Amino acid sequence: MDCIAELKTLLSRSERTVFFSGAGISTESGIPDYRTPGKGLWANLASEDYLNIDSFTANPEKFYTFFAPLFDVFRNALPNTAHAFIAKRGAEGRMLSVITQNIDGLHQKAGSDKVHELHGSLMTSRCMRCEEEMATVRVFRIFSKGENPPRCPACGGVMRPNVIFFGEMLPPAVMDNAVKDSMNCDLFIVAGSSLSVMPAAMLPGYAKSAGAKVVIINRMPTPYDSMADLVISGSLGEVFKSAEVC
């Protein structure tokens, strides 16, 4: 049986699928990933210089200056074939949830309504002083008017996006729910993740140990390929389009 046929069989038999998505699903919507040699965001930049919480706290101006042009890339990105495939699976009632390492909100734009965002969301921001929240597009509008860093209209505190910076813990409740779904699914599909960031990379192992089938779809090998029931190398959009099931 070829890989696509096997994937279709696994999908047709599953009633409790979990999709675990990484940067690879969003690159097909034009959002750069982090680690692809020569292309990723960190190819020429040290991540801690921009997305470390201590660096942000000490010098938020540097973050906003760096990230302002990238924000429009995230804001204007549209869901692709893979996002749509996953959302359709959810609409059919055959999916437990999406667990994502991405901060772009594309799963929600595609129509998925149960999404565990392990690294937070770039779409909203909050004040570091009073916790007032607002849409990040409004924050960057303030920035575009010359206020760097953008400050809270209510109290004057520095605004920060609701993402998890390097040096911060993943949200315990979000991680707990992700682990719970991983251990209760019957099919766990990794979609575009290198599975190199802990503790999120442990989730396929939780699923496997609880008896689920594990599928890894990624352009590059991952450390967990040997434990997977099926490994497919290629474009997520092309794979899911080929695996469309009734």
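Tutor: Contact here means heavy atoms within 4.5 Å. This is a predicted model, in which local features need pLDDT of at least 70 and side-chain atom pairs count only at pLDDT 80 or more, while totals for chains, interfaces and linings use all residues. Residues are numbered from 1 along each chain as its sequence is written, and side-chain values use heavy atoms, with hydrogens and water left out.

Student: At about what angle does helix 5 run to strand 6?

Tutor: Helices (H or I, at least four residues) and strands (E, at least two) are DSSP runs, numbered from the N terminus. Helix 5 lies across strand 4 and strand 6. Taken between N-to-C directions on a scale from 0 to 180 degrees, with axes fitted to C-alpha atoms (for helices over the stretch in contact), the angle of helix 5 to strand 6 is about 50 degrees.

Student: In the open sheet of three strands, which are the edge strands?

Tutor: The three strands are ordered 5-4-6 with antiparallel pairing, where two strands pair if DSSP finds at least two bridges between them. Strand 4, residues 120-127, is joined to strand 6 by five bridges. The edge strands each pair on one side only, and they are strand 5 (133-135) and strand 6 (159-163).

Student: Which residue in strand 6 is the bridge partner of serine 125?

Tutor: Strand 4 and strand 6 run antiparallel, and helix 8 packs on their sheet, touching strand 4, strand 5 and strand 6. In strand 6, serine 125 has as its bridge partner proline 161.

Student: Are helix 5 and helix 8 parallel or oblique to each other?

Tutor: Helix 5 (residues 60-76) packs against helix 8 (residues 136-144) at about 135 degrees, and their axes are 11 Å apart. Angles under 35 degrees count as roughly parallel, over 145 as roughly antiparallel, 65 to 115 as roughly perpendicular and the rest as oblique. The two helices, helix 5 and helix 8, are therefore oblique.

Student: How many helices and strands does the chain have, by secondary structure?

Tutor: The C-alpha atoms of the chain fill a box of roughly 60 × 35 × 30 Å, taken along the principal axes. Within the chain, the secondary structure comes to eleven helices and nine strands.
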